[in-house]
Amino acid sequence: MRDPTKDAIAGRLAEARRRTLSLIEPLDEAQLNRVYSPLLSPLAWDLGHIANFEELWLVQTIGDREPLHGDLGRFYDAIENPRRTRGKLPILRDAELRAYLADVRERTLEVLDEVGDLGEEAEDPLLRGGFVYEMLLAHEHQHCETMLQLLQMVDDYEAPTGVGAAAGPLPDGPEAISVPAGEHAIGAPPGGFAYDNERRHHTVELSAFEIDRLPVDNAAYARFVEETGAAPPMYWERVGDGWVRAAMGRREPLDPDLPVIHVSWREADAFARWAGRRLPTEQEWEAAHDGLDRVGAVWEWTSSDFLSYPGFEAFPYPEYSEVFFGDEYRVLRGGSWATDPSVMRPSFRNWDLPQRRQIFSGIRCARDT
Ligand SMILES: [Fe+2]
């Protein structure tokens, strides 16, 4: 009998790949290879990197096999090759790229058949709880979100159905949620998949605070721009007295009720101050998330630097989180319309530089009480 855990993993790998390929389905090879922004990789790089990361972990490391293309992997190393350089790298393109994705996947499934126990008792920490497979799935989904960032710049692009749920009417409820002073559990509990930066699970003492039930909407942000002369969010264009949203080469009316998106940390911080509030810390966000509406519409900037938790241990490699710890990056929480739901969890930490806004980032305000 086939192992149901392995069947489930194979099914989820196939589903992730279907989603990835559906994103690029409307594009031609020139669009896949074009550099649209120095802040974003050409899509062909992301695709090759998805396959290469899979080959490195699931085929070479777990399956002990040689790579298909010698040391090609060095061009797909995200740390070695900054985004602005990726368009010029001798990476795989066109039919060769598609064949690489398929060939790696075939070998991945061969190795999956061979590997031992994937339960919580497995001896190899990479296999324990299926960690390495969960990491791969999350990686592919996270790169799809990065690809969707670039796809905002592709004229006439139509996102496939099922990517990004409609926001729906705003739910009724109080304006803000009060959280009393006290101890709160932070981070991923033991067992189950989480990245190293979400561990260890620990408690923090928080003072009483209030956090908005909803993220800041376009109407409020437009008032902020009018009153302060702040730069509008990315993809807003002035038309007469108002604004339109101009992504994917289309001009559409700005929905005043939707959460504002594509703002930088600096802009989010300035907005919160203008509104007489402040950004929440990431611990406050996590302590309050059960009561928050619209989590998963936009990534929400927090005031927190991306730092390690007490007892942090890099796993399985320091380049995922550890090299980014410090006061350079700010933490975002939640997830966006472009984030696959399987990646969202209360302890998930995203991070970026305070000036960046090509990501699907928005604002939720807090204040001391
Ligand atoms: Fe990656």
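Modeller: A salt bridge is counted where a side-chain nitrogen of Lys or Arg comes within 4 Å of a carboxyl oxygen of Asp or Glu, and we shall apply that cut-off to this predicted model.

Colleague: How should I read the buried residues of a helix, and which are they in α6?

Modeller: An α-helix has 3.6 residues a turn, so residues three or four places apart point the same way. In helix α6, residues 218-228, the buried residues are Asn218, Ala220, Tyr221, Ala222, Phe224 and Val225, and their cover includes β5 (236-239), β6 (242-247) and α7 (265-274). Just after α6 comes glycine 229, whose phi is positive at about 75 degrees.

Colleague: What is the volume of the largest pocket, and which element gives the most to its lining?

Modeller: Rolling a probe the size of a water molecule over the atoms shows where empty space is left. Here the largest pocket has a volume of about 1,500 Å³, and its lining consists of 50 residues, with Ala78, Arg83, Arg86, His143 and Phe324 nearest the centre. Two or more lining residues come from each of α3 (43-61), α5 (131-151) and β10 (350-352), with α3 giving the most, eight residues. By class, the lining has 22 nonpolar, 15 polar and 13 charged residues.

Key. Residues are numbered from 1 along each chain as its sequence is written. This is a predicted model: local features need pLDDT of at least 70, side-chain atom pairs count only at pLDDT 80 or more; totals for chains, interfaces and linings use all residues. Side-chain values use heavy atoms; hydrogens and water are left out. On a 1 Å grid over the protein atoms alone, a cavity is a set of points where a 1.4 Å probe fits but cannot get out, and a pocket is an open set with protein on both sides within 12 Å along at least five of seven lines; lining residues have an atom within 4 Å of a point. Grid points are joined across faces, edges and corners, and a volume is the space filled by probe spheres set on the points. Helices (H or I, at least four residues) and strands (E, at least two) are DSSP runs, numbered from the N terminus. Ala, Val, Leu, Ile, Met, Phe, Trp, Tyr, Cys and Pro count as nonpolar, Asp, Glu, Lys and Arg as charged, and the others, Gly among them, as polar. Buried means under 20% relative accessible area, exposed over 50%, partly exposed in between (1.4 Å probe, protein chains only). Contact means heavy atoms within 4.5 Å.
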